[in-house]
Amino acid sequence: MKCPARVPLCAVRSDMLLLLLLLLAKGGCSILLRRSAGVGSNSLPPCPRSPPITAKELTAEMELLVLSLPRAPTEGIQPADVVHAICRGLQYNDVPSTDAGLARLFGFATYECRAALTARRGKDSTERFIEFAPSSAALVGLLRCASFKLLGDVTLLPGTLTRGDMATVIVAVSEPVGYRFKQSGFARPSRAEQPRWASWIQGDGLSRELEHGALGEDDGVSEHVEAELYRFTLVKERRPPLGGCWLIKEIMPMRHHMLFAGDSGGC
């Protein structure tokens, strides 16, 4: 048996030297290219920036949050959480189904509140409430609004022998300029005539919807928005089957509240 022929050592060394020269040449070219591009030899290439969130992506994200909102009163939900669920549901009224936001409001509203919002025509059934509630002056601004924010702390009033605890929550709502002020009989104010909180809402961005441009050019609405304050009054139910649950007793735009208070000498 013959042994295989040995490879000369000089040939191995020449091959290794050639490979080493190729590696050095390639590394030198990359260093020259990076220096010509203004990048240091020890620095890493910049990470690509993530594209900004679009209005459609933000809407989809908010719709997913709406799916997690409570659909009916339960003991343990605080007044601020109730108001937030109602406002968010009315903002995305058709998620997850048509008029789901109004149906949620029907479940959280007292009998008197349902009657007041529908002129006593939708106080008994969800179907009739959905039919007549959208024409209420107290809901026109909230229904499909641009954005909203709860202002200040919740005001609590202890219960008495005849009623449960009461709570008041103030909500600032921004909406596209439309016909609502003409329909309600109030003249649309200019920006200089709007109250202090209106400029704060429009300047700082009421929520992420406005900050990221949820009202895009393709939405067919004006870029200008109007700001409105709403007062939610809640009462803690004592009687079963909703004992211990917070229900909405009244929804009133602050313009109406100040108007009635002025007529009654309360201002």
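Me: Happy to start with a cut-off: buried means under 20% relative accessible area. In this predicted model, is asparagine 93 buried or exposed?

Reply: Asparagine 93 lies in the loop between helix H3 (79-91) and helix H4 (100-108). Its relative accessibility is 2%, and the cut-off is under 20%. Asparagine 93 therefore counts as buried.

Me: Thanks! Which backbone nitrogen does the side chain of asparagine 93 reach?

Reply: Leaving aside residues up to four places away in sequence, asparagine 93 touches Thr98, Asp99, Ala100, Gly101, Leu102, Leu143 and Arg144. With one of these, the side chain of asparagine 93 comes to 3.0 Å from a backbone nitrogen. That nitrogen belongs to leucine 102.

Me: Nice. Are H3 and H4 roughly parallel or roughly antiparallel?

Reply: The two helices pack with their axes 8 Å apart, at an angle of about 155°. Angles over 145 degrees count as roughly antiparallel, so H3 is, relative to H4, roughly antiparallel.

Me: And which residues of H4 does H3 meet?

Reply: H3 passes H4 in a left-handed crossing. From H3, the residues taking part are Val82, Ala85, Ile86, Gly89 and Leu90. Their partners in H4 are Gly101, Leu102, Arg104, Leu105 and Phe108.

Me: One last thing, about confidence: which element has the highest mean pLDDT?

Reply: For the protein, the mean pLDDT is 74, with 55% of residues reaching 70 or more. Residues 179-185 have pLDDT below 50, and residues 262-267 stay under 50. Among the elements, helix H9 (residues 208-211) has the lowest mean, 38, while the highest, 97, belongs to H4.

Note on methods
Residues are numbered from 1 along each chain as its sequence is written. This is a predicted model: local features need pLDDT of at least 70, side-chain atom pairs count only at pLDDT 80 or more; totals for chains, interfaces and linings use all residues. Side-chain values use heavy atoms; hydrogens and water are left out. Helices (H or I, at least four residues) and strands (E, at least two) are DSSP runs, numbered from the N terminus. Buried means under 20% relative accessible area, exposed over 50%, partly exposed in between (1.4 Å probe, protein chains only). A polar contact is a pair of N or O atoms within 3.5 Å; within protein, one must be able to donate a hydrogen and the other to accept it, and residues adjacent in sequence count only if both atoms are side-chain atoms. Contact means heavy atoms within 4.5 Å. pLDDT is the predictor's confidence in each residue, from 0 to 100. Axes are lines fitted to C-alpha atoms, for helices over the stretch in contact, and angles run from 0 to 180 degrees between N-to-C directions. Angles under 35 degrees count as roughly parallel, over 145 as roughly antiparallel, 65 to 115 as roughly perpendicular and the rest as oblique. A crossing is left-handed if the near helix is turned anticlockwise from the far one by less than a right angle, and right-handed if clockwise.
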